[in-house]
Each structure stands twice: as C-alpha cells, then as structure tokens.
Amino acid sequence: MTLSNHVHLLDSQGHVYRYDVKGAPRWQVPPQPRFNREVFAAAHVVADPRQMQHPTRDMALDWEATLAYRRHLMSLGFGVAEAMDTAQRGMGLDWPTSLLLIQRSVAQAKDFPGVAIACGAGTDHLTGFTGLTLTAVIDAYEQQVAAIEACGGRIILMASRALAAIARGPEDYLQVYDAILRQVREPVILHWLGDMFDPALHGYWGTDRLNDAMEICLSVIERHEARIDGIKISLLDKDREIAMRRRLPGRVKMYTGDDFNYPELIAGDSRGYSHALLGVLDAIAPAAAGALHALAQGDRETYQQILAPTLPLARHMFAAPTQYYKAGIVFLAWLNGHQNHFTMLAGMQSARSLAHYSALFRLADEAGLLVNPDLAAERMGLLGRLHGM
C-alpha cells in the first residue's frame with residue numbers, strides 16, 4: 001500500500017515494514033556530459049506482453065520503448081553495448097531478434113554524433129552441440145560478425161557456449177579466435193564472461209584455473225593486438241582485472257565488467273585505469289553520467305560522492321545467482337517510468353523475489369536513483385499488492 005511519501009516493503013524474513021521514501025538525488029546531469037573514459041552501457045530490452053501467447057517462449061519486443069531507452073542512454077553521453085547478456089541474449093533474446101535490434105540501434109545512433117554502438121557477435125544461433133565441430137563454431141562467429149559489420153556496428157566478440165561445450169583444451173580456443181580475429185574489419189572488443197554470469201561458460205579458455213585462463217587470453221591479445229580495441233572481463237574480481245590491465249599491450253584497453261567495484265576500477269590509480277562496459281550503467285545512468293563528467297573535470301571527490309551510494313544497489317542486484325541481475329535492471333526501468341509494465345522475455349521477472357525487489361527499491365532510493373519518487377512508490381505498492389502484501 002502506498003501513501004504519499006511512504007511505501008510498504010518486505011524484508012528478507014518475510015515481514016512487512018513501512019519505508020519512508022527520500023527521493024533526493026545526490027547528482028546533477030550536465031547539459032552535455034563529457035567523459036575521459038570510453039563508456040558503454042549494456043542496455044536491456046522491453047518485452048511486449050500483449051504479443052506473448054506463450055510468455056516463456058515468445059519473442060516479442062516493445063520496439064518503441066526499447067529504442068527510446070537507447071536514445072535516453074545516448075543522450076547522457078553513453079555508448080550502447082547492444083544485444084549483450086543485459087538484453088537477455090541467450091536467456092530469452094535470440095539471434096534473429098538481436099540482429100534486428102542491432103540494426104535499429106545503429107540507425108538511430110546517427111542522431112547522436114560521436115556515440116558508438118558496440119554489438120555482441122557470438123554463436124548463439126547454433127542449436128544442439130552434439131557432433132559440432134570447431135569449423136562450425138568459426139562459421140557461426142563469421143556469420144554474426146559479417147551481419148554486424150554490414151550495418152555499421154562495432155564488434156564485441158562474445159564468449160561462445162558452443163565453443164565451451166566442445167573445446168578439448170586451450171588450443172581449440174586459439175584456433176577459433178585466430179580464425180575470427182584475422183578477418184575482422186575493425187578492432188574488436190573481446191568479452192571474457194565468467195560463469196557466475198553464465199554457468200555454461202565454466203572453464204572458458206580451456207581451463208578452470210583462472211590464472212592459466214588469463215595467460216591464454218593474454219596470448220590471444222598479443223597475437224592479434226592490432227585487431228583488438230580492448231577486452232571486457234566480467235569476473236567480479238577487481239584484483240584480477242587490475243593485474244590483467246597492467247599486462248595489456250599499450251594500445252589495448254581494459255573495459256571493466258565488474259559491477260561490484262566499478263567506481264574504483266574506472267577511477268584507476270597511478271598505473272592506469274579501466275574504461276567501462278557495464279550492465280549496471282543501464283540502472284544508474286543519470287548518476288553515472290554526472291559522476292563520469294565530474295571525473296573528466298578532475299573532480300574525483302564528486303565522482304566518488306555520486307557513485308559510492310550506488311554500490312550497495314549494484315551488489316544486491318548482481319548477487320548470486322548473478323545471471324538474474326537483468327530482472328533488477330528492468331525493475332528499475334519500470335519504477336522510473338521508462339516502460340509501462342514489469343514483464344520480461346522468458347518470464348524472467350519471476351527469477352527474483354518480492355523481498356529482493358523491496359531491497360532494490362530501498363537501495364535505489366537511498367542512492368537517489370528514483371527520478372520520480374511518487375511514481376516509483378505507486379508502482380512498488382502495486383507490485384506488493386499483486387503479491388498479496
């Protein structure tokens with residue numbers, strides 16, 4: 001139940017409590033944000049429940065709302081990481097729909113000079129891995145890379161479930177990555193996605209020992225330095241990211257994918273910093289724009305003041321099982337009025353509990369991320385009532 005400036009939430013023990021909404025942003029978005037880091041927000045998609053006859057199977061997007069959110073991100077100065085795991089790639093979003101999304105995003109980015117669209121190229125149109133060969137995996141990568149290059153998108157070379165399923169060791173990864181990287185038109189961003197985000201990627205790079213995996217990944221980068229813009233690692237391990245960052249060839253960028261430690265990693269230290277390609281930026285975009293603009297002006301104090309309160313939210317949103325963080329992303333988009341429902345592809349909104357969403361609401365409010373507190377409180381109250389609260 002919602003009454004003006006308060007809402008009823010559910011705690012982790014199943015008890016209802018009253019929460020007084022603060023609704024006070026700690027940040028300002030400059031009219032024209034300028035960053036001194038390359039920053040991509042991995043964007044979510046908005047489902048269309050009106051077109052879903054079978055909600056766990058049907059592929060139906062609200063294209064107007066989906067593309068409007070990308071324009072929102074681009075207006076804040078962010079590049080868009082398109083058709084990635086934040087968009088439920090491989091967890092509701094298939095390759096044909098991903099390609100259409102990529103084409104439409106690249107087209108509308110023309111209205112935002114200087115904004116880049118980096119697009120996920122993978123092998124997810126392969127179905128069933130029995131009898132699959134490395135040649136088939138290479139062919140699958142080639143098909144997606146060619147389609148993205150044809151529409152003018154930059155390439156993010158996504159980790160491949162198919163390759164992880166059939167590779168016999170590091171040499172198979174080297175064979176596949178060598179074949180693809182030799183033929184890309186422009187430098188790509190590699191993506192090392194940890195199994196906390198996708199359990200099917202356990203043992204990626206041909207080993208379950210992370211130190212060895214990093215060596216194999218670095219060898220790929222060293223062999224193809226001229227064709228690699230950077231690498232995004234999503235391991236939620238800041239020390240490993242820093243260690244790898246310090247070993248990258250000079251022109252190759254580190255894009256942090258650490259949704260637990262992004263303020264520290266982006267700010268960097270005397271020996272370097274990370275750029276950013278993050279799902280959490282979808283949820284905290286206005287605050288992040290203000291913080292990154294302050295960082296570019298040399299104002300690290302304001303940068304930290306804005307981003308520090310977003311960390312509890314991010315760590316709760318990306319808590320295990322981490323792959324369901326997308327539900328929190330869409331939940332906040334709904335609270336903030338960017339879509340008129342809280343329904344996801346494959347019914348993924350059911351992957352998190354009412355107590356989880358209650359905590360997200362509180363943490364978002366404490367971070368000043370509810371841009372219309374009255375609307376957010378009304379919608380949180382509605383979600384509670386739908387759950388019998």
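Okay, let's start at helix α14, residues 354-366, and helix α15, residues 373-386: their axes come within 11 Å and cross at roughly 170°. The axes here are lines fitted to C-alpha atoms over the stretch in contact, with angles from 0 to 180 degrees between N-to-C directions. That makes α14 roughly antiparallel to α15, a label for angles over 145 degrees, while under 35 degrees counts as roughly parallel. Helices, by the way, are DSSP runs of H or I with at least four residues, and strands are E runs of at least two, numbered from the N terminus.

Before I go on: this is a predicted model, where local features need pLDDT of at least 70, side-chain atom pairs need 80 or more, and totals for chains, interfaces and linings use all residues. Residues are numbered from 1 along each chain as its sequence is written, and side-chain values use heavy atoms, leaving out hydrogens and water.

So who touches whom? Leu354, Tyr357, Ser358 and Phe361 in α14 meet Ala376, Ala377, Met380, Leu383 and Gly384 in α15, with contact meaning heavy atoms within 4.5 Å. That set divides into 7 nonpolar, 2 polar and no charged. Gly counts as polar in this scheme, and Tyr as nonpolar.

Now the other pair. Helix α2, residues 95-108, and helix α3, residues 134-150, have axes that come within 10 Å and cross at roughly 20°. These two are therefore roughly parallel to each other. On the α2 side we have Trp95, Leu99 and Ile102, and they meet Gln143, Gln144, Ala147 and Ile148 in α3.

How many cavities of 30 Å³ or more does the structure hold? There is 1, and about 70 Å³ of space lies in the largest cavity. A cavity is a set of points on a 1 Å grid over the protein atoms alone where a 1.4 Å probe fits but cannot get out, and lining residues have an atom within 4 Å of a point. The volume is the space filled by probe spheres set on those points, which are joined across faces, edges and corners. The lining includes Asp85, Lys232, Asp259 and Tyr325. It divides into 5 nonpolar, 4 polar and 3 charged residues.

Last, two backbone details. Most residues other than glycine have a negative phi, and most peptide bonds are trans. Gln88, in the loop between β5 (79-82) and α2, has a positive phi of about 65°. And the bond from Ala320 to Pro321 is cis, with omega near -5°; Pro321 lies in the loop between α12 (310-317) and α13 (325-335).

Note on methods:
Angles under 35 degrees count as roughly parallel, over 145 as roughly antiparallel, 65 to 115 as roughly perpendicular and the rest as oblique. On a 1 Å grid over the protein atoms alone, a cavity is a set of points where a 1.4 Å probe fits but cannot get out, and a pocket is an open set with protein on both sides within 12 Å along at least five of seven lines; lining residues have an atom within 4 Å of a point.
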